[in-house]
Amino acid sequence: MRLLILCTANSARSQMAEGWARYYAQKHGLDLEVHSAGTKATRVNPNAIAAMAERGIDISTHHSKTLFDVPDPWNFDYVLTVCDSAAENCPVYPAKTTRLHHSFPDPAAAADEPKAFREVRDMIGPFIEQLILALKQGKDVAAVEAG
């Protein structure tokens, strides 16, 4: 099973979601290949790296990439967009791909960035765990998407 997480710059939200997805897939015994990408490549925000490290998840080796930098970019079972811009600009995928959308606030836009990154990290984590559990149990992931 393959999951792609998309955001605009692939610098924070999608990177944190990728880290959480790998963590929870391993924790819950789900065989899942996870990638993240952006509509443009920038860099992984150091605040995202620090926030995830506080939860014991190392994303320091991640790098920002576009869809075209991901292996086999048109062959994903699930594509999750984590910001509205990425959802609007997400390419059309084959019928077998299930598209999901759950928008999270952009922590880089906050005045107190470290706190904002922690808050967004803590929003993404439970959402991703519920998604992983739904995938593991073969449940309808649309229920997770709705909240």
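Start by selecting strand β1 (residues 2-7): β1 pairs with β2 in the parallel sense over 6 bridges. Strands here are DSSP E runs of at least two residues, numbered from the N terminus, and two strands pair if DSSP finds at least two bridges between them. This is a predicted model, in which local features need pLDDT of at least 70, side-chain atom pairs count only at pLDDT 80 or more, and totals for chains, interfaces and linings use all residues. Residues are numbered from 1 along each chain as its sequence is written, and side-chain values use heavy atoms, with hydrogens and water left out.

Now pick Leu6; its bridge partner in β2 is Ala37.

Next, show the whole sheet. The sheet is open, has 4 strands in the order β2-β1-β3-β4, and is paired in parallel. β2 (33-38) and β4 (98-101) are at the edges with a single partner strand each, so one side of each has no neighbour in the sheet.

Move on to helix α1 (residues 13-28) and helix α4 (residues 113-137), whose axes come within 8 Å and cross at roughly 40°. Helices are DSSP H or I runs of at least four residues; axes are lines fitted to C-alpha atoms, for helices over the stretch in contact, with angles from 0 to 180 degrees between N-to-C directions.

Finally, select the contact (heavy atoms within 4.5 Å). Among its residues are Trp20 and Tyr24 of α1, and Phe117 and Ile124 of α4.
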